[in-house]
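Biologist: I would like to learn how to read a structure one feature at a time. Could we go through this one together?

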Amino acid sequence: MSDRRTSNHSEVTDFILVGFRVRTELYILLFLLFLLVYAMVLLGNVGMMAIIMTDPRLNTPMYFFLGNLSFIDLFYSSVIAPKAMVNFWSESKSISFAGCVTQLFLFALFIVTEGFLLAAMAYDRFIAICNPLLYSVQMSTRLCTQLVAGSYFCGFITSVLQTSMTFTLPFCASRAIDHFYCDTRPLQRLSCSDLFISKIVSFSLSSIIILPTIIVVIVSYLYIVSTVLKICSTEGRKKAFSTCSSHLGVVSILYGAGSFMYLTPDRFPELSKVASLCYTLVTPMLNPLIYSLRNKDVKEALKRLLEKKNTIL
């Protein structure tokens with residue numbers, strides 16, 4: 001039996017990404033929707049990085065984190081969206097074994113990194129609002145760099161563990177992945193081995209990532225709300241809530257969809273695909289919109305950048 005499983009596993013050279021189970025006529029609509037959202041992801045996140053890097057007034061910890069957030073959003077959506085759009089027109093809908101490994105590894109790397117980065121951003125807002133006089137001292141360049149580097153390190157370690165554990169499973173049930181990209185749970189469904197240990201490890205990894213970062217965000221914002229309510233100035237209170245509400249909106253979408261995907265029983269494949277859309281495309285599209293449209297500094301920096309270009313022309 002062991003030899004048979006090893007043989008079946010070694011014969012897998014590619015997979016089929018089933019995608020969305022809809023009528024063929026709707027593929028064109030889905031393609032256009034993906035294309036529109038992905039174009040907005042590219043435009044918004046590249047634009048945000050360009051504004052932050054070119055305007056010296058935005059050389060602050062908050063915008064350092066925002067720049068990294070845009071970079072992460074840009075890359076993990078690019079890991080998913082182009083292949084999904086190609087498959088809307090492809091009859092085979094195949095992805096090579098190496099391509100699937102790469103897609104899962106990069107997606108896990110960036111999505112986990114984003115989770116830790118959002119927790120770091122919550123801590124940054126906590127220091128800025130609750131200890132403003134010590135902000136420049138506590139949120140030093142060194143600490144900000146360490147927080148971002150630590151986020152990438154956690155993402156890398158988690159990705160290595162998750163990817164290696166997933167692709168050492170024997171795949172002998174089918175080559176058809178019931179998803180629009182390579183993800184752990186749909187791949188586990190293809191295995192003919194006992195998944196108890198694999199599922200326990202996956203759940204433990206997800207819990208270690210999601211729960212502590214959510215706790216950091218919740219505790220930070222409880223202190224923030226408590227401090228903001230003590231502000232006498234209506235304008236100051238409004239500004240503080242405006243800055244924090246945008247961050248909370250992004251966190252809610254990402255963690256809500258992520259919790260549904262990885263901390264609940266795997267019983268609703270189609271709902272899982274919709275939840276996946278929230279953090280693979282919707283969140284990367286919304287992040288630059290939320291942080292630019294609701295941020296006076298970014299809007300002013302964009303205005304200065306456009307005026308500079310008009311002057312050159």
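Biologist: Which residues does Asn-45 touch, not counting residues up to four places away in sequence?

Modeller: Keep in mind that this is a predicted model. Asn-45 touches Ser-70, Asp-73, Leu-74, Pro-284 and Pro-288, once residues up to four places away in sequence are left out. Asn-45 itself belongs to helix 2, residues 26–54.

Biologist: Is Asn-45 buried or exposed?

Modeller: Buried means under 20% relative accessible area. Asn-45 has 0% relative accessibility, so Asn-45 counts as buried. Its side chain also reaches the backbone oxygen of Pro-284, at 3.0 Å.

Biologist: What describes two packed helices?

Modeller: Two numbers are used: the angle between the axes and the distance between the axes. Here, helix 4 (residues 97–130) packs with helix 6 (residues 141–167) at an angle of about 145°, and their axes are 7 Å apart. The crossing of helix 4 and helix 6 is right-handed. In the contact of helix 4 with helix 6, 21 residues are nonpolar, 7 are polar and none are charged.

Biologist: Now to aromatic rings. How many aromatic pairs does the count come to?

Modeller: Two rings form a pair if their centres lie within 6.5 Å. By this rule the count comes to 21 aromatic pairs. One of them joins Phe-20 and Phe-34: the ring centres are 6.2 Å apart and the planes stand at 70°, so this pair is edge-to-face. The pair links distant parts of the chain, with Phe-20 in the loop between strand 1 (14–17) and helix 2, and Phe-34 in helix 2, 14 residues apart. Phe-20 counts as buried because its relative accessibility is 10%, and Phe-34 counts as buried at 2%.

Biologist: Why is the pair of Phe-107 and Tyr-181 called tilted?

Modeller: Planes under 30 degrees apart count as stacked and planes over 60 as edge-to-face, so the rest are tilted. The planes of Phe-107 and Tyr-181 are at 55°, with ring centres 5.0 Å apart, so the pair is tilted. Phe-107 lies in helix 4 and Tyr-181 in the loop between strand 3 (176–177) and helix 7 (184–188), so the pair ties together parts 74 residues apart in sequence. Phe-107 is buried at 2% relative accessibility, and Tyr-181 is buried at 0%.

Biologist: Which residues form one aromatic cluster?

Modeller: The cluster is made up of Phe-20, Tyr-27, Phe-34, Tyr-76, Phe-88, Phe-107, Phe-180, Tyr-181 and Tyr-279.

Biologist: Is Lys-93 buried or exposed?

Modeller: Lys-93 is buried, because its relative accessible area is 13%.

Definitions and conventions
Residues numbered from 1 in each chain as written. Predicted model: local features only at pLDDT ≥ 70, side-chain atom pairs only at ≥ 80, totals over all residues. Heavy atoms only, no water. Axes fitted to C-alpha atoms, helices over the stretch in contact; angles between N-to-C directions. Helix = DSSP H or I, 4+ residues; strand = E, 2+ residues; numbered from the N terminus. Left-handed = near helix turned anticlockwise from the far one by under 90°. Nonpolar A, V, L, I, M, F, W, Y, C, P; charged D, E, K, R; others polar. Buried < 20%, exposed > 50% of the residue type's maximum accessible area, 1.4 Å probe, protein only. Polar contact = N/O pair within 3.5 Å; in protein donor to acceptor, adjacent residues only side chain to side chain. Contact = heavy atoms within 4.5 Å. Phe/Tyr/Trp six-rings, centres within 6.5 Å; stacked < 30°, edge-to-face > 60°.
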